[in-house]
Amino acid sequence: MAGIKDMLKDVLAKAKTLSITNGDGKETTPYVRMWNNQLQLLENNEGAEIEAFPMPAIFVQITNPVRYEILGQGFRDADLDVAFHILHEYYNTVADDDSEGVEYEQDLAVFDIRDKLLILFTYFQPAGCGPMFSVQEDQDTDHKNVYHLVVHFAVNFTDSKGSKLDAARNYFITKQPPTDLEIDATLDRTAGGPQVTTKFQIPK
């Protein structure tokens, strides 16, 4: 049983385990947060409005709207579109002989992050969810030094927060039943007909 916060915490924690190569060629983990149009704020020179962050960075978004179907007893489910916004800072590179390099004016390294993201999240099951599957990608065809790649995953999520059965509401008290109850039954076939005598031993 889970709510949307539990699901998101699992996704964010999983994304932080990704191993990627930064601009210095060193292996590191990405900066991970919820998506809030951080790239637009940077491009509009509104960097003072947001926390400065390193790149590569991965931002997580559940796209709107989220439409739920009622299951009964307060449960509901929805097919979520989980969008991973990959922001990768890239500058032109040239070959050792100063001739034009194969990655001049194109960012191919961002797709290495994309591949690792697919490996990490395909079949992953966050709290309250079934397995995740990648269903769509949006490439960046109008970028400067920061490439913005969006990878979409579909996943079915069941929300239990409206149900009285959700453990966090403490509406029902669950208790383990006794397992050492003994019942001894004997059949008395003496004169006067069969008589059944049952003896119970109830633990204290």
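Q: How many aromatic pairs does the count come to by the rule used here?

A: Rings of Phe, Tyr and Trp (its six-membered ring) pair if their centres lie within 6.5 Å; planes under 30 degrees apart count as stacked, over 60 as edge-to-face and the rest as tilted. By this rule there are 10 aromatic pairs. The model is predicted, so local features need pLDDT of at least 70 and side-chain atom pairs count only at pLDDT 80 or more, while totals for chains, interfaces and linings use all residues. Residues are numbered from 1 along each chain as its sequence is written, and side-chain values use heavy atoms, with hydrogens and water left out.

Q: Why is the pair of Tyr-31 and Phe-53 stacked?

A: The ring centres of Tyr-31 and Phe-53 are 5.5 Å apart with planes at 20°, and the pair is therefore stacked. It links distant parts of the chain, 22 residues apart: Tyr-31 belongs to strand E3 (residues 31-34), Phe-53 to the loop between helix H2 (38-43) and strand E4 (57-62). Ring pairs link Tyr-31, Trp-35, Phe-53 and Phe-59 into a cluster.

Q: Is Tyr-31 buried or exposed?

A: Buried means under 20% relative accessible area, exposed over 50%, partly exposed in between (1.4 Å probe, protein chains only). With a relative accessible area of 13%, Tyr-31 is buried; Phe-53, with 13%, is buried.

Q: Which residue lies over the face of Tyr-68?

A: A charge sits over a ring if NZ of Lys or CZ of Arg is within 6 Å of the ring centre and within 35 degrees of the ring normal. Arg-76 lies over the face of Tyr-68, 3.6 Å from the ring centre.

Note on methods
Helix = DSSP H or I, 4+ residues; strand = E, 2+ residues; numbered from the N terminus.
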